[in-house]
Amino acid sequence: MNIIELINKKRLGLIFSDKEIKYIIDNYMNGNIKDYQMSSLLMAIAIKGMTDNEIFSLTKYMLNSGEKLDLKEIGEVVDKHSTGGVGDKTTLIIAPIVASCGVKVAKMSGRGLGHTGGTIDKLESIPNFKVKLTKEEFFKEVNDIGLAIVSQTDNLVPADKKIYALRDVTGTVESTALIASSIMSKKIASGAKKLVIDVKVGTGALIKNIEEATKLAKLMNKIGEKNNIKVICILTNMNTPLGSNIGNALEIKEVIDILHNKKENNLKELCIELSSHMVSLGLEISYEEAKDKVIENINNDKAYNKFLEFVKYQNGDINNLKESKNKYEIKSPKEGYLNEINALELGKLSMELGAGRENLEDSLDYGAGIILNKTLGDYIKRGEVLMTLYTEKNLKASIMNTPIFTINKEKKEKEPLIYKIIK
Ligand code: URA
């Protein structure tokens with residue numbers, strides 16, 4: 001076997017055997033296959049696709065590249081994953097809700113890259129919060145309070161780390177075969193047997209249309225089935241950002257507001273939906289019964305108190321969240337209905353303000369970001385504040401021209417938040 005033959009094979013749209021996929025992963029990990037050869041192969045895969053069996057093999061060998069977490073010391077847990085969006089702080093709201101309902105959550109999360117944020121960066125914006133725990137500390141926390149969120153260990157699917165970094169700079173992120181194997185290898189390695197995946201669809205997401213998202217969801221369900229994991233995929237709208245705050249510490253403030261029942265928006269609605277599916281899976285009760293419990297635990301502050309308990313357990317202090325010193329108010333140049341808020345442009349702007357990183361080694365300004373002062377469907381008068389930017393930088397006036405808001409005379413019909421559930 002040699003890599004040039006394999007690249008040519010995929011370029012012609014032919015199918016790899018299980019052995020060939022093992023050869024590719026093993027030899028990429030030991031350095032025999034170079035980054036430039038792997039890039040070429042990834043591009044051929046992104047263009048020609050893979051069969052289900054090829055994807056099962058790819059997932060298996062990526063999984064075998066590192067350690068697998070055995071959760072028997074903590075018993076059954078339910079995991080959750082999002083394919084990534086703008087303002088997506090759902091994990092930090094859902095995990096305490098679900099734990100307060102008696103379902104354990106042992107979550108490994110990642111950092112943000114590009115225009116989408118990462119849970120670990122958001123948690124690190126809480127002063128003193130510890131995201132690195134030993135396996136023993138991680139298990140102890142889940143056993144003590146029913147919940148822990150930590151950063152992924154370096155040895156959790158190292159093949160995905162290496163391949164994802166390459167995909168990110170070679171235009172090969174948006175392939176259902178590569179996304180499904182990347183997500184599912186990490187989820188299988190994390191040890192949960194029940195999993196809810198929020199598949200984001202729209203301008204601010206990796207997947208731009210419902211057909212592709214459906215394909216990805218079905219693929220992840222099949223990989224789950226093959227690996228004895230029950231997977232529920234929920235296709236959700238990412239044309240508009242979730243909630244009103246974007247940027248690490250600003251997002252933590254919104255998490256607190258939602259858990260404290262001080263805010264009603266698309267973020268809260270989505271968190272109730274995802275939590276209800278997780279509780280239904282974990283307690284083996286109907287979705288309706290689970291939803292009643294979820295809403296009850298938000299209303300009686302059990303979910304909020306669980307969040308406080310979790311932050312304290314990991315040494316964090318939510319009293320001194322950072323806010324960057326320069327504040328810019330962006331005002332509406334015209335009057336009409338706010339019909340669109342471009343999630344992708346907002347994500348990119350937030351990154352420019354200092355809230356996100358272009359390269360993994362970039363440092364973050366935890367207090368930077370955006371607060372949307374208006375929401376979809378609002379009637380806007382000329383000169384009203386649409387959003388407030390927070391940054392330590394001095395911004396150029398041109399930043400005010402970023403095409404984020406669409407304001408028209410006619411009100412556009414509201415888009416659904418949840419498109420489809422695929423079990
Ligand atoms: N999230 C992942 O973990 N991997 C992908 O390929 C895309 C989104």
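A salt bridge here is a side-chain nitrogen of Lys or Arg within 4 Å of a carboxyl oxygen of Asp or Glu. The model is predicted: local features need pLDDT of at least 70, side-chain atom pairs count only at pLDDT 80 or more, and totals for chains, interfaces and linings use all residues. Residues are numbered from 1 along each chain as its sequence is written, and side-chain values use heavy atoms, with hydrogens and water left out.

**View 1. Salt bridge between Lys 60 and Asp 18.** The N to O distance is 3.0 Å. Lys 60 sits in helix H4 (residues 52-63) and Asp 18 in helix H2 (residues 18-29). The two residues are 42 apart, so the pair links distant parts of the chain. Helices are DSSP runs (H or I, at least four residues), numbered from the N terminus. Side chains of opposite charge can pair when their charged atoms come close. The salt-bridge count comes to 31.

**View 2. Residues around the ligand.** The shell consists of Tyr 164, Arg 167, Ile 179, Ser 182, Ile 183, Lys 186 and Leu 206. By class, 4 are nonpolar, 1 is polar and 2 are charged. Here Ala, Val, Leu, Ile, Met, Phe, Trp, Tyr, Cys and Pro count as nonpolar, Asp, Glu, Lys and Arg as charged, and the others, Gly among them, as polar.

View 3. A polar side-chain atom of Arg 167 lies 2.9 Å from a ligand oxygen. For Lys 186, a polar side-chain atom is 2.4 Å from an oxygen atom of the ligand. An N or O atom in the Ser 182 side chain is 2.6 Å from a ligand nitrogen. The protein covers 91% of the 240 Å² of accessible area that the ligand has on its own (Shrake-Rupley method, 1.4 Å probe). Helix H8 (158-168) and helix H9 (176-190) each give two or more residues to the shell. H9 gives the most, with 4 residues.

**View 4. Packing of helix H11 (residues 248-259) with helix H14 (residues 302-313).** The angle is about 145 degrees, and the axes are 8 Å apart. Axes are lines fitted to C-alpha atoms over the stretch in contact, and angles run from 0 to 180 degrees between N-to-C directions. Val 255, Ile 256 and Leu 259 of H11 meet Ala 303, Tyr 304 and Phe 307 of H14 (heavy atoms within 4.5 Å). The contact has 6 nonpolar, no polar and no charged residues.

Definitions and conventions:
A residue is near a molecule or strand if one of its heavy atoms lies within 4 Å of it. A polar contact is a pair of N or O atoms within 3.5 Å; within protein, one must be able to donate a hydrogen and the other to accept it, and residues adjacent in sequence count only if both atoms are side-chain atoms.
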